[in-house]
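This report describes the fold of one chain, selected elements of another, and the contact between them. Please consult the sequence and the coordinates alongside the text.

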Amino acid sequence: MTALHWGELWEYRELLYFLVWRDVKVRYKQAVLGAGWAVLQPTMAMVIFTVIFGRLVKLPTDGSPYPVFVYAGLLPWTFFSNAVTNSANSLVNSANLITKVYFPRVLVPLASVGAGLVDFAVAFLLLIVLLVWYHIPITPWFALVPVFLVLTIIAALGVGTVLSALTVNYRDFRYVLPFAIQVWLYATPVTYASSVVPARYRVLFGLNPMAGVVEGFRSAVLGRPPLWTLVETSAVVSVAILVLGLAYFQRVERTFVDVV
Amino acid sequence: MSDAITVANLTKEYVLGGTWSGREYMTLRDALGGWVRTAFKKRSKPRPFRALDDVSFTIRQGDTVGIIGRNGAGKSTLLKTLSRITEPTSGTITIHGRVSSLLEVGTGFHPELTGRENIYLNGSLLGMRRAEIIQRFDEIVAFSEVEQFLDTPVKRYSSGMYVRLAFAVAAHLEPEILIVDEVLAVGDVAFQKKCLGKMEDIGHSGRTVLFVSHNMAAITRLCPRVVLLRQGKLVGDGGALDVVKQYLSDGSSGHGLTTELLNEARRSDYFGHVAKLASLELRPSAPVPEFRFGEDFRLRLRFHSVAPILHAAVGVGIDDMYGSRLMTFNSDESGVTMTTERGGEYTVDLCVPRPCLNPGRYSLSCAVLSGGQILDFVANATAFDVLPIDDASGAHIEPTEGAGPIRLPCTWTSDG
């Protein structure tokens with residue numbers, strides 16, 4: 001970690017702000033619905049999952065109404081999947097920048113994750129509406145929401161930086177990623193409750209960094225204690241991915257320009 | 001004053017060929033295939049291409065230094081390594097001071113964003129602080145002359161407006177070291193003049209400036225010292241006039257009267273797809289690339305037609321030592337055009353009777369055109385000398401220093 005130039009990153013904090021600002025601005029400028037998409041995407045998913053898994057399959061939700069249950073899981077998941085997809089392609093898409101001007105390269109995937117936070121904030125408002133609608137009380141557990149948001153960011157940053165660097169060198173990841181994300185969704189307790197996974201597999205389940213994050217986020221929102229083993233395992237894995245990811249990024253960023 | 005930039009034994013190699021299957025990037029298959037190949041047989045050694053070859057120089061603080069050389073000589077690679085955009089393969093660069101580099105106009109401009117928004121984004125990318133941008137915002141807008149379109153997305157800008165806005169941001173940078181690549185080649189003439197003026201101010205304000213250009217007039221005007229690169233090597237370093245002379249005479253050295261152009265590496269990628277210049281032959285009375293003063297200027301151009309062309313024409317430009325265009329001759333202006341067939345070779349002769357060029361060395365550029373569009377172009381294809389001997393009388397002609405390149409016959413009368 002010593003290799004990462006924290007001082008330099010701090011120097012360039014304003015550029016990070018402008019890159020995030022650009023991503024957000026451009027995205028909403030080109031779309032008629034603007035910020036509506038930030039809500040529409042998880043809402044559509046919520047409706048579909050509610051019909052299929054809530055009404056038809058009748059998956060157990062530990063007692064919560066299925067729409068809130070699935071939306072509380074979709075919120076961190078949508079942020080994660082968008083952040084990872086955008087940052088994976090970010091360096092290749094910014095080829096015109098990184099071949100013409102110097103700045104810490106890690107800002108590019110970082111900005112993609114940052115821009116996703118704005119969508120998250122907008123979509124979060126609908127969660128509040130749903131909680132009120134279904135008369136779900138806000139408990140002290142809710143105070144843990146920011147903690148799990150930070151964990152989501154760590155997971156997204158870790159996976160995003162690794163994939164952005166890999167995509168520069170191996171364009172295959174562009175094609176693998178959409179499929180991988182789809183599979184990943186079902187390996188994450190978004191549509192189903194974590195409790196359906198037998199306790200003895202919990203550590204194994206937690207190797208998926210998003211498993212613990214979604215579990216923790218949803219528990220905090222719905223006001224009940226999370227499955228700590230799962231959350232702890234995922235947290236450790238997320239931090240490990242971020243540390244290794246930044247180290248890998250550091251090692252290969254010198255040659256990006258010659259390859260991109 | 002201390003050294004701002006010290007470059008020692010700088011070398012940059014790019015790998016050509018090798019395991020990558022001709023694409024610009026590698027895929028997993030290439031990588032996996034590479035491992036398999038290495039495991040089973042000897043790997044074919046990738047051919048490294050030296051874009052920079054053992055370059056060393058020092059630039060003192062406050063100096064303005066020009067970098068010149070043909071396309072592919074390594075100028076851009078040098079600027080990129082100095083700007084930390086790419087890492088050198090070996091050698092060291094020591095820089096004292098904050099560097100801003102302008103390798104293109106409008107880096108990071110987003111077409112969907114407005115002029116105002118792009119000023120902030122671009123300024124920030126070039127290393128300006130937000131407070132600095134806010135402070136100079138009005139100046140930038142005034143310099144750019146696009147006030148009334150400030151809230152229009154730049155995708156609706158004309159290319160001139162776009163360039164003006166982009167240069168305006170760049171011109172208001174205040175780094176200790178400024179690295180500029182060929183940005184003055186754009187924009188209309190009036191704006192170019194304004195940019196040159198701004199560059200001069202920057203040079204006089206004690207900042208260190210590195211400036212790459214093909215515009216020899218701008219180079220000699222802005223830079224007291226010039227560095228010449230040829231095939232990645234530093235081959236000239238000294239006073240602007242001497243090095244520019246060396247550069248311009250590069251074209252003719254060893255070529256004699258006929259310069260082969262077909263495999264000329266200097267042409268830009270844009271050209272040579274429809275028609276390709278094959279050769280340029282100087283045809284003076286003596287078998288050396290020299291014309292006597294007033295001697296008819298004769299040359300022969302050959303070009304190869306890659307595809308059929310309607311109304312193909314050729315053009316020849318004569319530049320002085322400083323890269324300023326003195327005159328241009330286009331065959332279509334004299335009514336000479338050809339309708340060519342695929343694969344055909346065409347020959348065009350030019351004769352300029354008594355061209356009135358003062359003794360000195362001149363540079364020749366040539367082109368193939370069609371309907372005003374340039375199909376192929378080689379700048380500074382060759383050079384020739386005009387001897388200080390009058391072709392008609394054999395008298396010696398010695399123009400005074402700074403007399404200008406043209407000498408026309410004239411009649412003086414006086415009442416004395």
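## Overall form of chain A

The model is predicted. Chain A contains 12 helices and zero strands, so that its elements, read from the N terminus, are given as α-α-α-α-α-α-α-α-α-α-α-α.

The radius of gyration of chain A is 19 Å, in agreement with the value near 18 Å that a compact globule of 260 residues would have. Along the principal axes, its C-alpha atoms occupy a box of roughly 55 × 45 × 35 Å. Of the 260 residues in chain A, 44% are buried. Counting contacts in chain A between residues at least 6 apart in sequence, 81% link residues at least 24 apart.

## A helix pair in chain A

Two packed helices are described by the angle between their axes and the distance between the axes. Helix α6 (residues 107–133) and helix α7 (residues 145–169) of chain A pack at about 140°, and their axes lie 9 Å apart. An angle over 145 degrees would count as roughly antiparallel; α6(A) and α7(A) are therefore oblique to each other. The crossing of α6(A) past α7(A) is right-handed.

On the α6(A) side, the residues that meet α7(A) are A:Val108, A:Pro109, A:Leu110, A:Ser112 and A:Val113. Their counterparts in α7(A) are A:Ile153, A:Ala156, A:Leu157, A:Gly160, A:Thr161 and A:Ser164.

## A four-stranded sheet in chain B

Chain B holds an open sheet of four strands in the order β10-β11-β13-β17, with antiparallel pairing. Strands β10 (258–260) and β17 of chain B are at the edges; each has a single partner strand, so one side of each lacks a neighbour in the sheet. From one strand to the next, the twist averages 20°.

Taking the pairs in sheet order, β10(B) and β11(B) are antiparallel and joined by three bridges, and B:Thr259 stands opposite B:Leu280 in β11(B). Strand β11 (residues 275–282) of chain B pairs with β13(B) in the antiparallel sense over seven bridges, where B:Ser279 stands opposite B:Arg302 of β13(B). Between β13(B) and strand β17 (residues 345–352) of chain B, also antiparallel, there are eight bridges; B:Leu301 has B:Val348 in β17(B) as its bridge partner.

## An enclosed helix in chain B

Helix α3 (residues 115–125) of chain B is largely enclosed by the rest of the structure, because 10 of its 11 residues are buried. The buried residues include B:Glu117, B:Asn118, B:Ile119, B:Tyr120 and B:Leu121. After α3(B) comes B:Gly127, with a positive phi near 100°.

## Contact between the chains

How many residues does the contact take from chain A and from chain B? Chain A contributes 21 residues and chain B contributes 27 residues. On the side of chain A that touches chain B, α2 (13–30) and α12 (256–259) each supply at least two residues. The largest share of that side, eight residues, comes from α2(A).

Conventions:
Residues are numbered from 1 along each chain as its sequence is written. Chains are lettered from A and ligands numbered from 1 in the order in which they are written. This is a predicted model: local features need pLDDT of at least 70, side-chain atom pairs count only at pLDDT 80 or more; totals for chains, interfaces and linings use all residues. The radius of gyration is taken over C-alpha atoms; the globule rule is 2.2 Å times the number of residues to the power 0.38. A residue is buried if 20 or more other C-beta atoms lie within 10 Å of its own, exposed if 12 or fewer, and partly exposed in between; C-beta atoms are placed from the backbone. Two residues are in contact if their C-beta atoms, placed from the backbone, lie within 7 Å. Two strands pair if DSSP finds at least two bridges between them. Axes are lines fitted to C-alpha atoms, for helices over the stretch in contact, and angles run from 0 to 180 degrees between N-to-C directions. Angles under 35 degrees count as roughly parallel, over 145 as roughly antiparallel, 65 to 115 as roughly perpendicular and the rest as oblique. A crossing is left-handed if the near helix is turned anticlockwise from the far one by less than a right angle, and right-handed if clockwise.
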